[in-house]
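This briefing accompanies the sequence and the coordinates shown below. Topics are grouped for quick reference.

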Amino acid sequence: MKKLPLNLIIGTVLVSIVLGTAFLSLIWTPHNYALMNISDKFHHPNYIYLLGTDQLGRDVLSQLMAASRNSMIVALVAVLLGGSIGTLLGLLASAIGGWVEDLVMRVADIGFAFPALLFAIMLAAVFGPSLTNAVFAIAFINIPIFARISRASGNQIWTRDFVLASRAAGVGRVVITFNHILPNILAPIIVQATIEFAVAILAEAALSYLGLGAQPPAPSWGRMLSEAQTLMYLAPQLAIYPGICIMIAVLGFGLLGDGLRDITDPRLAKVR
Amino acid sequence: MKKNKIAFITGVTGQDGAYLSEFLLKKGYEVHGVIRKSATGNLKNIEHLARWKQRLLDDRDKLNFDQTVDAMVDDAIDALRKKLGLNEPILKRYFYWIINALIGDFGQSHSFGVPVSGLISERLSMTMALAVSGMVLTIIIALTLGIGAAANHRKFGDWGVMFFSQLGIAIPAFWLSILLVILFAVKLRWLPPGGFPGWDDPIIAVKSLILPTVALALVQSAVLARVTRSSALEVMRLDYIRTAKASGFSRRRILWRHVLPNALVPIVTIVGMQFAAVVTGTIVIENVFYLPGLGRLIFQSIANRDLPTVQALVMMFAVIVVTANFIVDLLYLVIDPRLKERN
């Protein structure tokens, strides 16, 4: 057994912590995250409130735990949605080729030129700010990324001899795509999905911070930060914890993605 | 004048109330109610009018309304739609918008009541100042760290830079901003926590731009430092660098005169992508520091449902991003003259 890369190990540990917290928050948090105890507001960390309380007397730790669940769900839905649409488009492009391929790739180029934040702002301007719109915006930026990767890797597989053999045997393009192409390009797609998961967490935090994501009272790291910002003089500690959570989650998924890529594509690992 | 045409307007205040009352007065109603004066019609008015129509209908008996209340609010809504040009088909409106945008006319802002192009040009300087200074600082930090890391490959400095870059990628710019404000504005009180007093006093103006610029640049330079490092490492393996070393050139001269210029192509690619990220990053940063730029404007406009302004601003940002990418494509030819021959 080869030695595992360091980034994979650290990434796995951090991701397990975040996912574990998210699952734990489903069945248990120290307090009800939305419960307000005005008389207990701005508590410093103590035995009852492990990380203290905020301006409305809500337990910070419970909010952070519940927010991790929120963040994971948003990232998961957005990456799954954008990733599967993008991958399907990429597979379509590499299976048919010709003008279909050109069309898909040019549209993907346009998608690349369009920053996610702007798309989220547009959705918010037309439909009003909501978490659903944030998810759609994050999913949307994932489409061209996955379309590009799956087309590039798909085109490589299409030139292989076993695909030629299937075609000679009279197997249709659709069947080849799902029986041979998709299983063979899964590795780079899973690697990319892990990295995009980190990007999605960051994007959700930014959108919620700007008020375009999770709406109150839904707990969210980004929104906790924007609330804490107005209280900087009173309780600067409130601005520290949510940021650390975002950092751990993004770092974890980013390192995990890098580590997975190093294992599945050793050529890239050598360059770094 | 007809009898019984009396409208009680309760709870309708501000722009919407003013618009409704003005409309009703014109139609010969006698209007009662507490209403502040200010009259610009916008999308929010339509939504609110529709909501009030429902409320008025619900409370018809209590309010002792004229029976025509239904038609009259519908009338008001319709007149407002006509005024904003919303009754035209969407494609026609879009076509006219594009034609007008090409000659720099983005229409009237619904909430400010002035031309959108004026609003944008007032605030563009702030956003561009922030984006350009952020990008320059990003490049300075990233090149220094990246080349430094490559020169100390597999040593402590290299690990330090890689750690910084990994961390920088994971830290949201707005959190870093908040941390900087807490440290330098709240605790140390060296710099203002936000806001922008205008260019009249250049020293205060620059002072209030320091934290936003640093917050933008630190996060962006994390990615660029990493690219610089790996690109420089590639070049340092090449024979002519060994020759330069053997010729006894100083380390600094080899790094900055021979390694860096040849490592520039991937660096410039990322710089182009990052300029786009910096420009959209200003949207977030301006909102963190309450700076009066395009990013603040776009959020005020969303809050006011001021669609023409949002539309024009999104267009502006897209144009800036595409222009940056185009400039990068031209820069390749300057950096690597071999590319010119291939074309």
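Trp159(B) is found in helix α7 of chain B, where helices (H or I, at least four residues) and strands (E, at least two) are DSSP runs, numbered from the N terminus. The model is a predicted one, in which local features need pLDDT of at least 70, side-chain atom pairs count only at pLDDT 80 or more, and totals for chains, interfaces and linings use all residues. Residues are numbered from 1 along each chain as its sequence is written, while chains are lettered from A and ligands numbered from 1 in the order in which they are written. The model scores ipTM 0.84 and pTM 0.80.

**Trp159(B)**

- Trp159(B) counts as exposed because it has 12 C-beta neighbours inside 10 Å; a residue is buried if 20 or more other C-beta atoms lie within 10 Å of its own, exposed if 12 or fewer, and partly exposed in between, with C-beta atoms placed from the backbone.
- The C-alpha atoms of Trp159(B) and Ala149(B) are separated by 7.8 Å, and the two residues are ten apart along the chain.

**Confidence**

- Chain A averages a pLDDT of 85, with 96% of its residues scoring at least 70; pLDDT is the predictor's confidence in each residue, from 0 to 100.
- In chain A, confidence is highest in α2(A), at a mean of 91, and lowest in helix α10 (residues 266-271), at 54.
- For chain B the average pLDDT is 78, and 76% of the residues score at least 70.
- Among the elements of chain B, helix α6 (residues 116-151) has the highest mean pLDDT (89) and strand β1 (residues 6-8) the lowest (53).
- Residues 33-41 of chain B have a pLDDT below 50, yet this stretch has 30 contacts in the model beyond near neighbours in sequence; two residues are in contact if their C-beta atoms, placed from the backbone, lie within 7 Å.
- Where pLDDT is low, the predicted coordinates should not be read in detail.

**Chain A: overall architecture**

- Chain A contains ten helices and zero strands, and its C-alpha trace spans about 75 × 50 × 35 Å along its principal axes.
- Of the 272 residues in chain A, 48% are buried.
- Contacts joining residues at least 24 apart make up 70% of those in chain A between residues at least 6 apart in sequence.

**Chain A: helix packing**

- The axes of helix α2 (residues 60-96) and α5(A) in chain A come within 5 Å and cross at roughly 35°; axes are lines fitted to C-alpha atoms, for helices over the stretch in contact, and angles run from 0 to 180 degrees between N-to-C directions.
- α2(A) passes α5(A) in a right-handed crossing, a crossing being left-handed if the near helix is turned anticlockwise from the far one by less than a right angle, and right-handed if clockwise.
- By class, the contact of α2(A) with α5(A) has 23 nonpolar, ten polar and two charged residues; Ala, Val, Leu, Ile, Met, Phe, Trp, Tyr, Cys and Pro count as nonpolar, Asp, Glu, Lys and Arg as charged, and the others, Gly among them, as polar.
- Helix α4 (residues 116-127) and helix α5 (residues 131-158) of chain A have axes that come within 9 Å and cross at roughly 145°, and this crossing of α4(A) with α5(A) is right-handed.
- Residues of α4(A) including Phe119(A), Leu123(A) and Phe127(A) belong to a contact with α5(A) whose residues include Phe136(A), Ile138(A) and Phe140(A).
- The contact of α4(A) with α5(A) has twelve nonpolar, one polar and no charged residues.
- None of the eight residues of helix α6 (residues 161-168) of chain A is buried, so this helix lies largely in the open.
- Gly170(A), which follows α6(A), has a positive phi near 90°.

**Nonpolar core**

- The largest nonpolar core has 151 residues, and those touching the most other members are Ile121(A), Ile138(A), Ala200(A), Ile201(A), Ile246(A) and Val250(A); such a core is a set of buried Ala, Val, Leu, Ile, Met, Phe, Trp, Tyr and Cys residues joined through C-beta atoms within 7 Å.
- Helix α7 (residues 173-209) of chain A gives the most to this core, with 16 residues.
- Not counting residues up to four places away in sequence, Val250(A) touches Ala198(A), Ile201(A), Leu202(A) and Ala170(B).

**Chain B and the interface**

- Chain B has 15 helices and two strands, and 38% of its 343 residues count as buried.
- The contact between the chains takes 28 residues from chain A and 27 residues from chain B.
- On the side of chain B that touches chain A, α14(B) provides the largest share, seven residues.
- That side of chain B has 23 nonpolar, four polar and no charged residues.
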